[in-house]
Amino acid sequence: MPDLPTLAQATTAVTFVGAGPGSAGHLTLAAFQALTGADVVIHDRLVGDEVLALIPAHVVRINVGKEGFGPSVTQSDINALLVAQAQTGRRIVRLKGGDCGIFGRLDEEIDALEAAGLTFTILPGLTAATVAAANIGQSLTRRGRNTGFRIVTGHDMDGFAEHEWRSMATEGEVAAIYMGKKSARFIQGRLMMHGADPATPATVVENVSRPDQRIHSATLATLATVAQALEGPAVILYGLAPRQAATAAKTLKEAQA
Ligand SMILES: C[S@@+](CC[C@H](N)C(=O)[O-])C[C@H]1O[C@@H](n2cnc3c(N)ncnc32)[C@H](O)[C@@H]1O
């Protein structure tokens, strides 16, 4: 195994590692090396079983996801635990689902470490949206369609999150919506209110990169009904249809023209 430059830097108290959305195949090599070289791994609920299985048996594992650590876990509990573990001088990996810098409360944990005079390294991971897009055969940007794409959350600390709806509602726009199941009806309403076509495609990918991954095709008009019925973690790819469905719709449109 090569000695990766990213790991050469990882002589810090804590290494934040993005686990990718599920499959071990979506873990970076640097992340794998960090996991196998750790003394303690503190992980979230959304880290895939395949990734957890790569952690050697001698490594102490601490699950701070709600199911493992108890329903009352708070971010400040996690911060305190991280600091306490790092102060032992052992090699600590803080493992987060997807990319640790995307909706991962990374800064709050870094702030706690810095306040305690502790150092850190970040090893990014594949985020749910990039893998979801790949798994529906689409790219998130496309010449002539969209010159950028948004990564947005369905809710923030104040409830359903507000965004630049007018520009998001423009034809050809693409947005990856995280934590959007409960807020799907709100998002649908806001986009339609700002002029989005109800026929705009939206694909909801549930359990991305896991054995039980499901791809649910929707339109803006059906988005809430489709998304709210799902149980697993899901990312909404607004503006994208699975490639096969998109091709069929284009062919039909051309035939009708
Ligand atoms: C707290 S955010 C964490 C995002 C993560 N850091 C990432 O980069 O993918 C949790 C949300 O991410 C999305 N998500 C994370 N993992 C997922 C997966 N395997 N399948 C589908 N959505 C996922 C869902 O929208 C979920 O509600």
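**Strand β4**

I started with β4 in this predicted model and found both of its faces covered: I92, R94 and K96 on one side, and V93 and L95 on the other, are all buried. I noted the reason for the two sets: side chains in a regular strand alternate between the two faces of the sheet. I then checked the count for β4 (residues 92-96): 5 of the 5 residues are buried, so the strand is largely enclosed by the rest of the structure.

Next I looked up the partners of β4. Strand β1 (residues 14-18) runs parallel to β4 and is joined to it by 5 bridges, with F16 opposite R94. Strand β2 (residues 40-43) also pairs with β4 in the parallel sense, over 4 bridges; there I found V41 bridged to V93.

**The mixed sheet**

I moved on to an open sheet of 5 strands, ordered β6-β9-β12-β10-β11, with mixed pairing. β6 (150-153) and β11 (214-219) are the edge strands with a single partner each, so one side of each has no neighbour in the sheet.

**The ligand**

Last, I asked myself where the ligand lies relative to domain 1 and domain 2. Domain 1 (5-123) and domain 2 (128-251) both contribute residues to its shell, so the ligand lies between them. I listed 22 residues around the ligand, with P21, G98, T127, A128 and V208 coming nearest. The shell splits into 12 nonpolar, 7 polar and 3 charged residues.

Methods: Residues numbered from 1 in each chain as written. Predicted model: local features only at pLDDT ≥ 70, side-chain atom pairs only at ≥ 80, totals over all residues. Near = placed C-beta within 6 Å. Nonpolar A, V, L, I, M, F, W, Y, C, P; charged D, E, K, R; others polar. Domains from an automatic or database assignment. Buried ≥ 20, exposed ≤ 12 C-beta atoms within 10 Å, placed from the backbone. Helix = DSSP H or I, 4+ residues; strand = E, 2+ residues; numbered from the N terminus. Pairing = 2+ DSSP bridges.
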